[in-house]
Amino acid sequence: KKKITVIPNPVKTYIYKPLNFVKIRKKLKIKNNEKIILFGSSHALSVEAKGFSKFIKILSELKKMSNLKIKVLIFGDTSELNNYQIPFEYIDFGYINQTKDLIEIYSCCDVLAIPSVLDNLPQIATEGQACGCPIVSFETGGLPEIVDHKINGLLSKNFNTKDFAKNIIKILEMDNKEKKKMKSA
């Protein structure tokens, strides 16, 4: 008989909002023809629940499935990133301390990959969406509450790296009209 109130995860949408895609890519020296996949987490490599080992498998699947010119952006605890074989050119941003830098990174991406195997309501997902970044994730934890399948991203069968890679390709190959619709959802 007690009143229950849900307090949503706050994202300041007057701060986290899409910036000019072309200008940001130029600033970050990213070519317009490159397809950008973002992965980030404060403890990306050290917390298995964030799915970095799955992400490496997903990238390997992508390499086999697609000839797209893909570049990967990674941020967070990347101190041991050299221990992994990433099959694409990548930019390691390490820890990002400035909100404006994080917003720029979100804004220049084609897709935000969140391969978490255990996650409640990741802040990166809500921030990325506020900046117009479509998400691909597994159907686990709180992610299906953030990602509306085929609306603002795509949900992949749990822990199926091939399905995840196919969903990334779907977003990367969308025409401009479809992409714009998903980025603004």
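Four bridges join strand β5 to strand β6 (residues 153-156), and the two run parallel. Strands pair here if DSSP finds at least two bridges between them. Strands (E, at least two residues) and helices (H or I, at least four) are DSSP runs, numbered from the N terminus. Across this pairing, Ser137 stands opposite Leu155 in β6.

The model is predicted: local features need pLDDT of at least 70, side-chain atom pairs count only at pLDDT 80 or more, and totals for chains, interfaces and linings use all residues. Residues are numbered from 1 along each chain as its sequence is written, and side-chain values use heavy atoms, with hydrogens and water left out.

β5 (residues 135-138) also pairs with strand β4 (residues 111-114), through three bridges and again in parallel. Val136 is the bridge partner of Ala113. Between β4 and β5 the chain passes through helix α4 (residues 123-130), in a right-handed β-α-β crossover. Right-handed means that, with the strands pointing away from the viewer, the path from the first strand over the helix to the second runs clockwise.

In a regular strand the side chains alternate between the two faces of the sheet. In β5, Ile135 and Ser137 lie on one side, Val136 and Phe138 on the other, and all are buried. Buried means under 20% relative accessible area (1.4 Å probe, protein chains only).

Now to helix α6 (residues 161-172). Nine of its 12 residues are buried, so α6 is largely enclosed by the rest of the structure. Among them are Phe164, Ile168 and Leu172. Asn160 caps the N-terminal end: a side-chain oxygen lies 3.1 Å from the backbone nitrogen of Lys162.

Definitions and conventions:
Buried < 20%, exposed > 50% of the residue type's maximum accessible area, 1.4 Å probe, protein only. Polar contact = N/O pair within 3.5 Å; in protein donor to acceptor, adjacent residues only side chain to side chain.
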